[in-house]
Amino acid sequence: TATQVAGSVAHALPSAAELLLRGGPMIELLTGHLHGQVISEIGSLPPARGGGSQPAEVLSRAVVHVFVTACSTAVALPTEPTDGASEIQGPSRGIGGSAAAAAAQATLQGRLHACELVSHLLRLSSAAADGTNSEERSELPLSLTCRLALGSEPFAHQFAQAGGLSRSFLQRMLAASNAPSAIVDVLLTLSHLARLSAEHAHSLIEHAHLAATLGALLRHQAGGVRAKACNLVGNLCRHSGSFYAEMKVQHLVAHLVHCTRHDDASTRKFAAFAIGNAAFHSDLLYPDLREALTPLRLIVLNDADPKARSNAAGALGNLVRNSASLCEEIVSTGALHALAALVGEWRSVRSDVELQPCKIALFSLGSMCSYTACRDALLAAEFPRTVEAIKAGARDEVLRKYAQRVEAKLGLEN
């Protein structure tokens, strides 16, 4: 049929990535046209000689389009993060078999990196953001920049080295008035960088001064922006507590607590993740985090997403990690008993994914057992029977290990 013939022809045609790789120095020549000096020279020419700002912009946009098309078939694409951190899709698609695809992807990425494509794209994004129709003009180079940084660690480091973590650049790119999709791209990229190294996280905290910007984004009307802002806060707290003081000054904890009560499931999940990390390294924020106890309890009890329940259960455990100051309220708000109820679901879970919240809740309760108020409350309830049942009947080795830890701390060992 005509459809089958058309499909066969399309399958036989080389992809944009293959054409670039077969074209000798084409990649280097195209990247050269994005160089600031070249664009400036074209822009300075009189219109009669084919110059001016419009031809310069048309040229740069056409070159970026070529790389967007090539990278769509040869560079790993970012996927929706599921665990409080950005995840990257696996092997590329569209360049022959899997071995050939991997080799082509590596070759293309290596040449694009050597040409400092991300540096050129960042410069284009910044320049476009300062002009007319800034959002439309900066969207394409910014999107490709973030895709490359999320898909490859060398590109991520190039993003940082080229000024992607500078205060001036991020203030423009994360302005609350920008398109939500563009803000989300940048937030995902920053979270990825913060996870990659403590150095990048330090740069974002000490030099980019993101706390005030994040305060606005945590209140953004778009759920995707709120969720990714929560995710970034959590990742900025991943390596140390150096962000805590700025969080306190900018009242970020209050915004995170509000996000744990939000109707949007992704916002709740990442807010719980951020709160857990905000409690991990010290008790500096414990007084502010007190308000999170009730919404975290509700997530533990009622949320449909196992990952959200895991994040909330872990956060409650971290709220006793560094001091006993919140123990009595953990009991009085029902947070302790919510964790015990979650552990009690271990018999009815249907998958390892559903069992994970039970395991994290049991570990958190083990941490709480170190304190008299929590230990006495658990001993007065039915929880010792749950622990004994897990030891006797659970197949999961980690769950049994955590039960033994709790048993020892509660003094239930024979």
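1. Glu345 and Arg309 join their side chains in a salt bridge, at 3.0 Å from N to O. A salt bridge here is a side-chain nitrogen of Lys or Arg within 4 Å of a carboxyl oxygen of Asp or Glu. Glu345 sits in the loop between α22 (335-343) and α23 (352-368), and Arg309 in helix α20 (residues 306-318), so the pair ties together parts 36 residues apart in sequence. Helices are DSSP runs (H or I, at least four residues), numbered from the N terminus.

2. This is a predicted model: local features need pLDDT of at least 70, side-chain atom pairs count only at pLDDT 80 or more, and totals for chains, interfaces and linings use all residues. Residues are numbered from 1 along each chain as its sequence is written, and side-chain values use heavy atoms, with hydrogens and water left out.

3. Arg309 is buried, at 11% relative accessibility. Glu345 is partly exposed, at 28%. Buried means under 20% relative accessible area, exposed over 50%, and partly exposed in between (1.4 Å probe, protein chains only).

4. Glu329 and Arg290 form a salt bridge too, at 2.7 Å from N to O. Glu329 belongs to helix α21 (residues 327-332), while Arg290 lies in the loop between α18 (286-289) and α19 (293-302), so this pair links parts 39 residues apart in sequence. Glu329 is partly exposed, at 25% relative accessible area. Arg290 is also partly exposed, at 30%.

5. Glu354 pairs with Arg350 in a salt bridge, their closest N and O atoms 3.2 Å apart. Arg350 is exposed, at 72% relative accessibility. Glu354 is partly exposed, at 27%.

6. Across the whole structure, the search finds 10 salt bridges.

Conventions
Helices (H or I, at least four residues) and strands (E, at least two) are DSSP runs, numbered from the N terminus.
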